[in-house]
Amino acid sequence: MSPRLVWDIFENVIASTPRCSKSEDKIREKIKKFIKEEEKKNNISHSIKEDKIGNLSIQRRATDGYQNYPTIIFQAHMDMVCETNLQDGFNFKQNGIPLHIQENEKWVDAIGTTLGADDGIGVAFALALLVDSDLKCGNIISLFTVNEEDGFDGANYIEPEKLDLKGKFYVNLDSGPINQVTIGSVGGRRVYLRKSFEFLAPTPEKLRFYKIKVEGLLGGHSGGDIHLPRANANKMIARLMTVL
Ligand SMILES: [Zn+2]
């Protein structure tokens with residue numbers, strides 16, 4: 001798979017490290033360790049900064065002769081969605097994700113679990129830019145944020161000064177097709193719904209409770225696949241509840 005450096009990082013630094021949303025300590029430490037090891041190998045110097053919520057920024061100083069180039073900030077989120085449809089479940093807190101290359105040798109996936117390409121591959125590219133010894137570049141800052149998937153905490157509570165985030169361009173590496181650049185997109189909104197109800201049976205103790213699950217759907221991403229005619233588990237449960 002190419003570029004080799006990016007895939008090596010994806011496999012050995014990222015996929016092998018547990019990193020569910022709100023549990024980014026391990027991946028943050030792994031990234032710092034990787035950068036320090038690479039520094040010794042490649043003689044590239046970096047400065048590493050963190051803020052209170054747990055975002056990490058790593059700066060690679062410009063190559064000699066490139067100091068006048070504008071600083072570019074690349075951003076990717078460290079966390080991933082941890083979902084499985086394996087019969088026995090999967091311990092995402094303890095285990096990395098075993099990668100699987102499909103027979104066509106074109107696609108990498110995971111068997112029975114989410115892969116974490118969102119945004120693991122973005123993190124891999126942002127790290128490769130920091131350590132690629134063939135690259136001649138101006139200042140580069142790679143910014144790795146926490147908990148994008150479950151509340152945008154990293155973006156909401158970012159402390160740009162602590163992270164020394166000064167740059168001319170800001171490129172987010174969390175999108176789909178590799179040859180597409182998005183220059184604007186819709187936002188997200190969180191909705192809290194509260195509803196009080198009364199039990200119809202005389203005492204709640206006498207009620208029987210059932211657990212209803214919707215699973216085995218095709219999956220997909222609410223951003224890129226929203227237009228496809230796929231079932232959505234949230235909507236199906238809601239529809240079911242209204243007719244019960
Ligand atoms: Zn993402």
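This is a predicted model: local features need pLDDT of at least 70, side-chain atom pairs count only at pLDDT 80 or more; totals for chains, interfaces and linings use all residues.

**Entry 1: the zinc ion**

I began by asking which residues coordinate the zinc ion.

Next I looked up the angles among the 4 donor atoms, which range from 54 to 140°. I had the tetrahedral case in mind, for which the ideal angle with four donors is 109.5 degrees. To count as tetrahedral, four donors need all angles between 85 and 135 degrees. The site of the zinc ion is classed as irregular.

I then wrote down the spacing of the donor residues in sequence, which is H-x40-D-x55-D. D118 sits in helix α3, residues 117-131, while D174 is in the loop between β7 (169-172) and α5 (233-243), so this pair ties together parts that are 56 residues apart in sequence.

I also checked how open the two aspartates are. D118 has a relative accessibility of 24% and counts as partly exposed. D174 is partly exposed too, at 23%.

**Entry 2: helix α1**

I turned to helix α1, residues 4-15, and asked which of its residues are buried. They are V6, I9, F10, V13, I14 and A15. Seen down the axis of α1, these buried residues fall within an arc of 150°, so they line one face of the helix.

Helix α3 had already come up as the place of D118.

**Entry 3: strand β3**

Strand β3 covers residues 72-77. I found that 5 of its 6 residues are buried, and I wrote the strand down as mostly covered.

I asked which strands pair with β3. One is β6 (residues 140-145), parallel to β3 over 6 bridges. Here A76 has F144 as its bridge partner. Another is β7, also parallel, over 4 bridges. On that side the partner of Q75 is N172.

**Entry 4: cysteines**

I searched for how many disulfides the whole structure has, and there is 1. This disulfide joins C20 to C82, with an S to S distance of 2.1 Å. C20 lies in the loop between α1 and α2 and C82 in the loop between β3 and β4 (100-101), so the pair ties together parts that are 62 residues apart in sequence.

The torsion about the S-S bond of C20 and C82 is about -105°, so I recorded the disulfide as left-handed.

Are these cysteines buried or exposed? C20, at 15% relative accessibility, is buried, and C82, at 21%, is partly exposed. The cut-off for buried is under 20%. I looked up C137 as well: at 8% relative accessibility, C137 counts as buried.

**Entry 5: T242**

Last, I picked T242, which I found in helix α5. Its relative accessibility is 64%, so T242 counts as exposed.

Methods: Residues are numbered from 1 along each chain as its sequence is written. Side-chain values use heavy atoms; hydrogens and water are left out. Donors are N, O and S atoms within 2.8 Å of the metal (3.2 Å for Na, K and Ca); water is not among the atoms, so sites may look incomplete. Four donors count as tetrahedral if all angles lie between 85 and 135 degrees; four count as square planar and six as octahedral if opposite donors are over 155 degrees apart and all others between 65 and 115; anything else is irregular. Helices (H or I, at least four residues) and strands (E, at least two) are DSSP runs, numbered from the N terminus. Buried means under 20% relative accessible area, exposed over 50%, partly exposed in between (1.4 Å probe, protein chains only). The arc is that of the directions from the helix axis to the C-beta atoms. Two strands pair if DSSP finds at least two bridges between them. A disulfide is a pair of cysteine sulfur atoms within 2.5 Å.
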